[in-house]
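Here is a set of questions and answers on one protein model.

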Amino acid sequence: MKRIIVEGHRGYAAKYPENTMISFEAAMDLGVDAIEFDVWLSEDKVPVIIHDGNCKRTCGVDIHVNNMTVAQIKELSAHYAEKFGDQYASMNVTIPTLEELLKLREAKRPDLWLGVEIKEYTQECVDITVALLKQYGVFDMCFFYAFDANVIRYLHTKYDARTMGYPDFQMRNFQPDSYSCYKELGLDLKYVRSEIFHIYKEKNLPLHMYCADHEEDVRMCMEKGADLITANDPVPLMRVLGRL
């Protein structure tokens, strides 16, 4: 049986505030092969890690990271009260910079793969992010994700990055030849379960399936030929794979 890559979605998002250092560290401690996270640029052009861009959901403040410096961003608490209440309120949980994550990986898990979701669909964001990844010597251990075909094309043509795009109907700026820029393909479980799955299976690209948080979902992904499985809670996934 092929080895399936286990990826923690936004770290260990089922148990910890997503896209934070405590979430990433918990996923590393659990023994995942990779972690997925989302990148935007601050006002002063520093890559920071947050899914929405706007800080309202996870920090309770209705402002976009594009409109704040890193110093201002660090004043926010990312303890995600909407989901976890006050459980993490006293733990100084902040929005991390990409460099903070890279330093943690370097110190704790230098074997860890990175699922880099480019959420700010600009060449500038790609260039700054890739430059930092190369500075830390981890570019070749990254999967690059985006829901924008222009970003995938740019990563593919300029950097020969290990790109993973999504089905055409989910992508912005999709063109007839966009699949030629994909090295891998990401599929939400609802599409893995659906009657259209065979269309994407037949593209003969390595398949990333997300998010499999229950053992029955994991087994389905395995039966459908997943190469990488993403989970908010990696424990059921690792249990089925015999890795706990």
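A charge sits over a ring if NZ of Lys or CZ of Arg is within 6 Å of the ring centre and within 35 degrees of the ring normal. The model is predicted.

Q: Over which ring does the charged end of K203 sit, and how far from its centre?
A: The ring belongs to Y179. The cut-off for the distance is 6 Å. The charged end of K203 lies from the centre of the Y179 ring by 4.1 Å.

Q: Is Y179 buried or exposed?
A: Buried means under 20% relative accessible area. Y179 has a relative accessible area of 16%, so Y179 is buried.

Q: Why is strand β7 largely enclosed by the rest of the structure?
A: Strand β7 covers residues 184–188. The strand is largely enclosed because the buried residues number four of the five.

Q: Which residue in β8 is the bridge partner of L187?
A: β7 runs parallel to strand β8 (residues 207–210), joined by four bridges. β7 also pairs with β6 in the parallel sense, over two bridges. In β8, L187 has as its bridge partner M209.

Q: Which elements do the buried residues of α1 pack against?
A: Helix α1 spans residues 21–30. Its buried residues are S23, F24, A26, A27 and M28. These pack against β2 (34–41), β3 (47–49) and α5 (98–108).

Key. Residues are numbered from 1 along each chain as its sequence is written. This is a predicted model: local features need pLDDT of at least 70, side-chain atom pairs count only at pLDDT 80 or more; totals for chains, interfaces and linings use all residues. Side-chain values use heavy atoms; hydrogens and water are left out. Buried means under 20% relative accessible area, exposed over 50%, partly exposed in between (1.4 Å probe, protein chains only). Two strands pair if DSSP finds at least two bridges between them. Contact means heavy atoms within 4.5 Å.
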